[in-house]
Amino acid sequence: MPVIAKKYTDDHEWISVEGDVGTIGITDYAQKALGDVVFVESPAVGQAVEKKDQIGAVESVKAASDIYSPVSGEVVNVNEALEGEPSLINSSPEEDGWLAKIKLSNPEELEGLMDEKAYADLCASEEDH
């Protein structure tokens, strides 16, 4: 199964696609802005989602932030480790701290997302403000 390079949203979510399933989480930039994560709300397995739907939330000692799906599809897996160890979002936001896996219903939606360079440029421009 082909693996598509990681893509990013302007809301600081990432998606990494293998076959027709995308793994979603929040970026390192987002977890640094949030600070120490103390609670993660995950979507339900089997839940149908549309692109830009809220699929979860992250609460830190500083703030709460909603997580939005970068694609449409069905939630096929959630990271249950986050329930007992929400700090995985801080220590490994783009690996062990993934939030959910979604079976894509419209893979063309990936084309509207940013690649790593475009996302790095977005983060740099936000830091300038």
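**Entry 1: elements**

I counted the secondary structure of this predicted model and found 4 helices and 9 strands in the protein chain. Helices (H or I, at least four residues) and strands (E, at least two) are DSSP runs, numbered from the N terminus. Read from the N terminus on, the order is β-β-β-α-β-β-β-β-β-α-α-β-α.

I noted the ground rules: residues are numbered from 1 along each chain as its sequence is written. Local features need pLDDT of at least 70, side-chain atom pairs count only at pLDDT 80 or more, and totals for chains, interfaces and linings use all residues, while side-chain values use heavy atoms, with hydrogens and water left out.

**Entry 2: the whole chain**

I looked up the extent of the C-alpha trace, which spans about 35 × 35 × 25 Å along its principal axes. The radius of gyration is 14 Å, and this agrees with the value near 14 Å for a compact globule of 129 residues. That radius is taken over C-alpha atoms, and the globule rule is 2.2 Å times the number of residues to the power 0.38.

I then checked burial: 43% of the 129 residues count as buried. Buried means under 20% relative accessible area, exposed over 50%, and partly exposed in between (1.4 Å probe, protein chains only).

I also looked at contacts, meaning heavy atoms within 4.5 Å. Of the contacts in the chain with a separation of 6 or more, 60% are between residues 24 or more positions apart.

**Entry 3: Ser69**

I found Ser69 in the loop between strand S7 (64–68) and strand S8 (73–78). Is Ser69 buried or exposed? Its relative accessible area is 2%, so Ser69 is buried.

Which residues does Ser69 touch, leaving aside its neighbours within four places in sequence? I listed Ile24, Val49, Glu50, Lys51, Lys52, Asp53, Ile55 and Ile102. I also compared Ser69 with Leu82: they are 13 residues apart in sequence and 18 Å apart in space, C-alpha to C-alpha.

I turned to Lys52, one of the contacts of Ser69. Lys52 sits in the loop between strand S5 (48–49) and strand S6 (54–60). Its phi is positive, about 80°, although Lys52 is not a glycine. With a relative accessible area of 47%, Lys52 is partly exposed.

I looked up His12 as well, and its phi is positive, about 70°, although His12 is not a glycine. His12 lies in the loop between strand S1 (3–8) and strand S2 (13–18). Its relative accessible area is 11%, so I put His12 down as buried.
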